[in-house]
Every structure is written in C-alpha cells, then in structure tokens.
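Visitor: I am new to this structure and would like a short tour. Could you show it to me, please?

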Amino acid sequence: MSVRELVVLGTASQVPTRHRNHNGYLLRWDGEGFLFDPGEGTQRQMLRAGVAAHDINRICVTHFHGDHSLGLAGVIQRINLDKVPHPVSAHYPRSGQRFFDRLRYATAYRETVALLEAPVDTDGPLVRTPGYTLEARRLSHPVEAYGYRIVEPDGRRMLPDRLAAHGVKGPDVGRLQREGSLNGVALEDVSEVRRGQRFAFVMDTRLCDGVYALAEGCDMLVIESTFLDEDESLAVEFGHLTAGQAAGVAREADVRHLVLTHFSQRYTDPAEFERQARAAGYEGDLTVARDLDRIQLPKRRA
C-alpha cells in the first residue's frame, strides 16, 4: 500500500529553540523518501521520528543558509555509515557547489554509497520517473534559492456504470486499461481523468512568480511563514514571507492542505500564525507545523 506523508523534523528559522529544531522534512512518497533542507540536528531528529538513513532516496536543498543545510554533513556520513543499499541523489543550487563540497567532505569518513550530485540552475523538471516528476522554481532570497514540486502523472478512474453499459467486465477491464481500446470500446468511454497528486516545498523567499508556480493546485503546500503580518517590512527586507502572505498564496493557488513552518524565535504563540492565515481567507486544511508532526497527504481529488 502506498504511503504519502510528511514527517516534520524541525521548524525553526535561523536558530533552534528549546521547542523547535533547525529545519528538516522527510516526505514519504510511496517507496521513496525526499529529505528537504536538513539543518543542524537533523540526524538526531530522524532518530526521534523513526526515520532511517535507508528511507532517503533524494536530498533537496533550497539554499545554503545554515538553518537549511548544516545537517548535510551528518546525514551524508550516516547514509554511508549505514551502507544504504541504493544511490542517493542530491539536488541543490549550482551556485552553492562550494558549500555542498565542504559539507560533503567536512570530515574524514568511508564512502560506501553512491551520492549522485544533481545541482539546479534553471526552472523546470529535474527528474521524471513513472511515479512522479520533480520540478524546481527559482525563489527570491538574498542568496540563490529554489523551491521544489512533485507532480504525479494523471491516471484514469474506471466508472462501473459505464463499464456495465458497454459490457466490459472481469479480465477485460484490465486489458482495456492496458491497451486503451477493446472490441470497439475506448478507455475514454468508460473512465474519467484522475488527477495526480501534487506537493510543493517553498522555503525562504519573498512573494514572486516562483512561489505561485510551485503552489498551483497542490494537494499539500509546505511553506515558510517566518514573520507575522505586522512585521511584513522585515519579511521583505530579509527575503521571507508572513503568515498572511503564505496563506494568500495557498488561497489563490487552490491548495488543499497548507503547512506553515520556519518560524522566527521572536514569536511565542504559534496559534497567531493560524489566526492570521485564516484572516487572509484561506479555508482549506491548515497545519501550523510542530517538530515531529506526521501529516498525511490528502486523498486524491474526486
């Protein structure tokens, strides 16, 4: 059975607090695991959350500020220590290659796993597999940053009443799905499009075209909301979003489940982020992320 869930490893911006670790997010997508923005302490948070090095297939780094990347050294060494039996791909801004190299080889260790470097330097698809396409979009931050988006291909939903009307039953249903037509009956005659799921991960950025492109039609959007709305001037200055801005993006993009994260240490009441997101008009499912949360992706749209 497929499993699609987000495991939140850390939710703090810039510095960890007593209750929030540096960033870190593991997306389970069927049989693969995407580790996003492993900040300092990610390896220990993985242990607390029951995430193993073997669960990681891809590492996706949005940019090379420390709260999003200082955990890379430990995670990479743990992947090798545990002799993960599959290659691991690493995606990150190409302009940060020197930082990636320093983190990858921060100390001596024995390399036992193929770590495939796949730096990002343009918008668009990065990887296409039968189960998903991984895309990237440029964001607006003082250093080069990219957000990531996973899109499942559309499928077909078989309609029992139409199958019965055309006399298609038993093994012929599978044949029709595989071949596209059978005895004069086309697949389109007895089915409808089932849109694939969409997930987006948007970290440090101002509002920009890339944010909206990543969020468009997502079943789940994980997005930074470093500041509250009253500090919008700080958000603009330092290249971040407010809770209201993030929620406005989700509203306009028809996002089904909004996950707010990456909170400044200046705020002590997490509930205020939810209040401001609702005040911005977002009416879908909303989670103000906490460390070690496990959040299921919504079921496919009807």
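Visitor: In what order do the strands of the open sheet that has β14 in it run?

Guide: Welcome! A word first: this is a predicted model, where local features need pLDDT of at least 70, side-chain atom pairs count only at pLDDT 80 or more, and totals for chains, interfaces and linings use all residues. Residues are numbered from 1 along each chain as its sequence is written, and side-chain values use heavy atoms, leaving out hydrogens and water. Strands (DSSP runs of E, at least two residues) and helices (H or I, at least four) are numbered from the N terminus, and two strands pair if DSSP finds at least two bridges between them. With mixed pairing, the seven strands of this open sheet have the order β7-β8-β9-β14-β15-β16-β17.

Visitor: Which strands stand at the edges of that sheet?

Guide: An edge strand here has a single partner strand, so one side of it is left without a neighbour in the sheet. That describes β7 (124–128) and β17 (285–288).

Visitor: Which residue of β15 stands opposite Val202?

Guide: Strand β14 (residues 198–202) pairs with strand β15 (residues 220–224) in the parallel sense, over four bridges. Opposite Val202 stands Ile223.

Visitor: Are α9 and α10 roughly parallel or oblique to each other?

Guide: Two packed helices are described by the angle between their axes and the distance between the axes. Axes are lines fitted to C-alpha atoms, for helices over the stretch in contact (heavy atoms within 4.5 Å), and angles run from 0 to 180 degrees between N-to-C directions. Helix α9 (residues 243–252) and α10 have axes 8 Å apart, at an angle of about 45 degrees. Angles under 35 degrees count as roughly parallel, over 145 as roughly antiparallel, 65 to 115 as roughly perpendicular and the rest as oblique, so α9 and α10 are oblique.

Visitor: Which residues of α10 make the contact?

Guide: From α9 come Ala243, Gly244 and Ala247. Their partners in α10 are Phe273, Gln276 and Ala277.

Visitor: What is the order of the strands in the open sheet that has β18 in it?

Guide: Seven strands form this open sheet, with mixed pairing. Its edge strands, each pairing on one side only, are β6 (115–117) and β18 (294–296). The order is β6-β5-β4-β3-β2-β1-β18.

Visitor: What angle does α1 make with β1?

Guide: Helix α1 (residues 42–49) lies across β1 (4–10), β2 (24–29), β3 (32–36) and β18. Relative to β1, α1 runs at about 130 degrees.
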